[in-house]
Protein chains: 2
Amino acid sequence: MKGTLYGLGIGPGDPELITLKALRILRRTSVLAYPAPEAGESLARGIVAGHLDGHHREVCIRMPMVAARFPAQEVYDRAAVELGGHLDAGRDVAVLCEGDPFFYGSFMYMFGRMAAHHAVEVVPGVSSLMACAATLGAPLAARNDVLTVLPATLSSDLLERRIREVDAVAVIKVGRHLQKVRAVIEAMGLIANARYVERATMENEKILPLADVDEDEVPYFSMILLHARGDAWNV
Amino acid sequence: MKGTLYGLGIGPGDPELITLKALRILRRTSVLAYPAPEAGESLARGIVAGHLDGHHREVCIRMPMVAARFPAQEVYDRAAVELGGHLDAGRDVAVLCEGDPFFYGSFMYMFGRMAAHHAVEVVPGVSSLMACAATLGAPLAARNDVLTVLPATLSSDLLERRIREVDAVAVIKVGRHLQKVRAVIEAMGLIANARYVERATMENEKILPLADVDEDEVPYFSMILLHARGDAWNV
């Protein structure tokens, strides 16, 4: 019997926002894999640390801190071989995924490499998108609203066109693109509607009107939410 | 001491996809409210039924089966008065929300009526968007993808324009709009990329290529996922 690879959505950061299903599968798998920076602790492992009893073999997938794409691809290639070995030996493997595995997550890269050759099951999780809205106390979208998710990496021009067309916008992965995104939103006269959230549901979460963020650069785990009407429930 | 109103995201349908936090709050609130059709059982209550021990006072918010907006508004007005009475008497109230409370949910209407006068806390949940992707085994969006959520109520013209502009699309609340949405996707030559999901993670879930759905009308809890590249992980 071969093992199953589980992509486990473990939620946005608050350890209580894991699902019963993810927790059950976490407890009964024998191999635990998670992403981590080149040096230092894994955020994903930290989220579930309170539920670990030491029985897992752990595979830490360390990402080099470079913008280039190829080193990352090599890391995923090697991880796929290592996890594939466990599966072939009949061991179930849980891959921890912050938020939801299929919403812009790095699990995609493992999935793309392994789904054709192994049994893979994805357990959906509470994503950062919903966590940010809950933290802000501001609905994302209602009724006939069109909601668009925009990676902050896009050009100013493209950001502006997409924001203009829809009712509700979430700009994700803000990081070092903060100034560009803010300039677009300001020029469109929408800055009063835009709110900034950093590390939603984590202990060090931070929420601010976008106009009041004074850093040049913010964490990668940050998001800007914006509604054309000001608030989604003003229908 | 006044009570707190909790908007509890209870996930997309599988009772195991509730979070530890929603379950903890559910157990310690004394009043439980949930939406239901004009006649028959509440889907939301059914999701958590296995966790109920009979200690709650229950408030069933029954929605008349009419398209008009005003009867619904009256139902929410009355519910807000009833739940407000419990909060004023110091009782905590949990409002069950399928999926996530702030992602196109009807909790919005209670929130809009009550947030200014009462303490309100929203617990994010696993939304149908992420559940459908997990059920399909198909990532929603990756890297620099733009992802747009389109209510099926929009006009054919608007659906086409929005689908043309982005990488990944989720058409929600398909219901009686199936033929219109499918005609748009077919005319754009994208039908081979489109998958249909009904009641994701529930016992009677159903997934099909969009081209193979042969009903004229489908349930309200259905979704079409579409990626311009075919699959989000083909990056």
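Two strands count as paired if DSSP finds at least two bridges between them. Keep that rule in hand as we tour this predicted model.

**A strand with two partners**

Let's start with strand β6 of chain A, residues 147-151. Is this strand mostly covered or mostly open? It is mostly covered, since 4 of its 5 residues are buried. Strand β6(A) runs parallel to strand β7 (residues 168-172) of chain A, and 5 bridges join the two. Here A:Leu150 stands opposite A:Val171. Together with helix α6 (residues 156-165) of chain A, these two strands make a right-handed β-α-β unit.

Strand β6(A) also reaches chain B: 3 bridges join it to strand β6 (residues 147-151) of chain B, and this pair runs antiparallel. In that pairing, A:Leu147 faces B:Val149.

**Strand pairs side by side**

| Pair | Sense | Bridges |
|---|---|---|
| β2(A) and β3(A) | parallel | 7 bridges |
| β6(A) and β7(A) | parallel | 5 bridges |
| β6(A) and β6(B) | antiparallel | 3 bridges |

In the pair of β2 (residues 31-37) and β3 (residues 57-63) of chain A, A:Val31 has A:Arg57 as its bridge partner.

Now look at helix α1 (residues 20-28) of chain B, where B:Lys21, B:Ala22 and B:Leu26 are buried. Why do the buried residues line one face of the helix? Seen down the axis of α1(B), they fall within an arc of 135°, so they share one face. Their cover includes β1, α2, β4 and β5 of chain B. On the other side of α1(B), B:Arg24 and B:Arg28 are exposed.

Methods: Residues numbered from 1 in each chain as written. Chains lettered and ligands numbered in written order. Predicted model: local features only at pLDDT ≥ 70, side-chain atom pairs only at ≥ 80, totals over all residues. Buried ≥ 20, exposed ≤ 12 C-beta atoms within 10 Å, placed from the backbone. Arc of directions from axis to C-beta. Contact = placed C-beta atoms within 7 Å. Right-handed = clockwise from strand over helix to strand, strands pointing away.
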